[in-house]
Amino acid sequence: MEGLVAKSENLSDAKIRTFKTPEKETILRDSSGLLLRIFPNGRKRFGWRFIDKHRNRRSRIEYGDYPDLSLDYARQLHQLSVAARKNGKDILDNEVRSNIYKKVMGEDAIIEHQPGMTFSQLVNDYYNKHIKPNNINPNAYNRIKNHLLPVFKNDKAESIPIAKIQGFVKGMRESGNITETTIADTIRFAVIMYNHAVRQFWINNNPFSAVTIERQKSVRKEYYTMGEIKTLLTNPDDIKIGKDFYLIQKALILSGVRRSELMHAEIKEFDFDSEIWTIPAERLKNQKGRTQSQKEPLKLPMSKQFIKTIQEAVDGFGNDTHVFGSKQNAFIDNRWQRQKTGPSSDRNYHNAITEYRRYYQLGHKINHDFRRSIETTLGNLGVSSDITSIMTGHSKSGIKAVYNQASLMLLMRVAFQLYADLIDFFCEADNKYLQAFDHQKLCRQLSEIYQKYHFNVYQLSMLNDIDPG
């Protein structure tokens, strides 16, 4: 962002030397039109902003730093640059600029353009002349140093072939341990560095600007096995974790909803008599982009275990509005007390539960993976994907969305209760059952599981247990 511009005045060495270091970038304008940018770190740099007819935009030319470049020389460079621009010359062209410098300072004039500099020299100058003096966060520089420098360090900075850059990107992807975000950001940071170098006349062109990175979407397939879910719920090493955070995690496991759908759940959404949780359309991802008349809430039947979890949360951590109430204090009724409305903080839960999972070597897995767990586990037990997709709040597509209007409420109720009962079974059973189920290993234990918990068997058993009265 441009700094504050003082009124035009005749600059002098005394004024420049005694000007108080500003808190943010400030620009002094000489009566000749010459600008002096003064930075919070004390750096002072001469330049000029002008309408660039060669590029159809406003551009900036930098003359050099004071006092390395004297005020007198800066005025002469500016005067010749203004004249050259009026004569139709491109004053950002290095040859034009070089001639101007030589007219002012002679054949031995030192200009910042360094023809033939290597990539390594460019990175070094970028850090020492830009990142470090201006106290810029070094993350971008570190990404360039760690990923690009080992590959391109001896190449001429201006003439790196596009094919080599594309090969670099391909190699990063094939390594298997570098994310698409890291790859795209690395190239983006290189473009920023080169653009700065061009503006400073260190180089003439930016080979990285011609490379377009199309992020390849990776399909995440991670899910929690029943063994991992057992570990998270039973906490065998008795790791300290807030009871509210534990209940949030348990509710996510049992329901398969998104974290935001649960964390912002209001008490009024739960009908404990009919055992239905109605999630408003405004919190559903699959309702975004729809008109108000098209939006539909999601009605989820609740298992007995999920109901118990929500009621425990309301009793212990709820407020007047939300199941997991805000922990922030407010000055109410002439005293500081816990806020009576609003949801708990997503960030607090994320920080606490991440540490908890890391202890059990599950730090690489996320809340969203619980959703894949419920679909994967129930799929193995014979539950149709038509049912599990609705359970996890996914929209029907294609012809099914037009012709299949079944709510599948009863089947979802059976499936949710089956899932909760199966988790309870695994939390109590011998680990042989867990191993048999997680690996789908044909053995006596797997046979016993399917004889009781296969969807078709469980559905009939649950219906038979209904009291006809």
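Asp244 is buried, with a relative accessible area of 5%, where buried means under 20% relative accessible area, exposed over 50% and partly exposed in between, using a 1.4 Å probe and protein chains only. This is a predicted model, in which local features need pLDDT of at least 70 and side-chain atom pairs count only at pLDDT 80 or more, while totals for chains, interfaces and linings use all residues. Residues are numbered from 1 along each chain as its sequence is written, and side-chain values use heavy atoms, with hydrogens and water left out.

- Asp244 lies in helix H9; helices (H or I, at least four residues) and strands (E, at least two) are DSSP runs, numbered from the N terminus.
- Leaving aside neighbours within four places in sequence, Asp244 is in contact (heavy atoms within 4.5 Å) with Phe317, Phe324 and Lys327.
- Ile248 also has its place in helix H9, and this residue is buried, with a relative accessible area of 0%.
- How far apart are Ile248 and Tyr349 in sequence and in space? They are 101 residues apart in sequence and 8.1 Å apart in space, C-alpha to C-alpha.
- Arg258 sits in the loop between helix H9 (243-255) and helix H10 (259-263).
- Arg258 counts as buried because its relative accessibility is 14%.
- Not counting residues up to four places away in sequence, Arg258 touches Leu252, Lys285, His368, Arg371, Thr392, Gly393 and His394.

**A three-stranded sheet**

- Strands of a sheet pair through backbone hydrogen bonds, either parallel or antiparallel.
- Here, three strands form an open sheet in the order S6-S7-S8, and the pairing is antiparallel; two strands pair if DSSP finds at least two bridges between them.
- S6 and S8 stand at the edges, each with a single partner strand, so one side of each is left without a neighbour in the sheet.
- Helix H16 (residues 409-428) packs on the sheet and touches S7 and S8. The direction of H16 makes about 50° with that of S8; axes are lines fitted to C-alpha atoms, for helices over the stretch in contact, and angles run from 0 to 180 degrees between N-to-C directions.
- Strand S6 (residues 270-271) and strand S7 (residues 276-279) run antiparallel and are joined by two bridges. Asp271 stands opposite Ile276 in S7.
- S6 and S7 form a hairpin with four residues between them, and Glu275 in the turn has a positive phi of about 60°.
- Four bridges join S7 to strand S8 (residues 298-301), and these two run antiparallel. Ile279 has Leu298 in S8 as its bridge partner.

**Where two helices meet**

- The axes of helix H8 (residues 226-234) and helix H17 (residues 431-438) come within 8 Å and cross at roughly 135°.
- H8 and H17 are therefore oblique to each other: angles under 35 degrees count as roughly parallel, over 145 as roughly antiparallel, 65 to 115 as roughly perpendicular and the rest as oblique.
- Met226, Gly227 and Lys230 in H8 meet Asn431, Leu434, Phe437 and Asp438 in H17.

**Aromatic rings**

- The whole structure holds 21 aromatic pairs; rings of Phe, Tyr and Trp (its six-membered ring) pair if their centres lie within 6.5 Å, and planes under 30 degrees apart count as stacked, over 60 as edge-to-face and the rest as tilted.
- Trp277 and Phe306 form a stacked pair, 5.8 Å centre to centre with 25° between the planes.
- This pair links distant parts of the chain, with Trp277 in strand S7 and Phe306 in helix H11 (residues 304-317), 29 residues apart. Both Trp277 and Phe306 are buried.
- Phe425, Phe426, Tyr433, Phe437, Tyr453 and Tyr458 form one aromatic cluster.

- Most residues other than glycine have a negative phi, and most peptide bonds are trans.
- The peptide bond from Tyr66 to Pro67 is cis, with omega near 10°. Pro67 is found in the loop between strand S5 (57-66) and helix H2 (71-86).
- Asn135 is not a glycine, yet has a positive phi of about 50°. Asn135 is in the loop between helix H4 (119-131) and helix H5 (139-152), and counts as exposed at 66% relative accessibility.
- Asn334, not a glycine either, has a positive phi of about 65°. Asn334 has its place in the loop between strand S9 (329-332) and strand S10 (335-338), and is exposed, with a relative accessible area of 71%.
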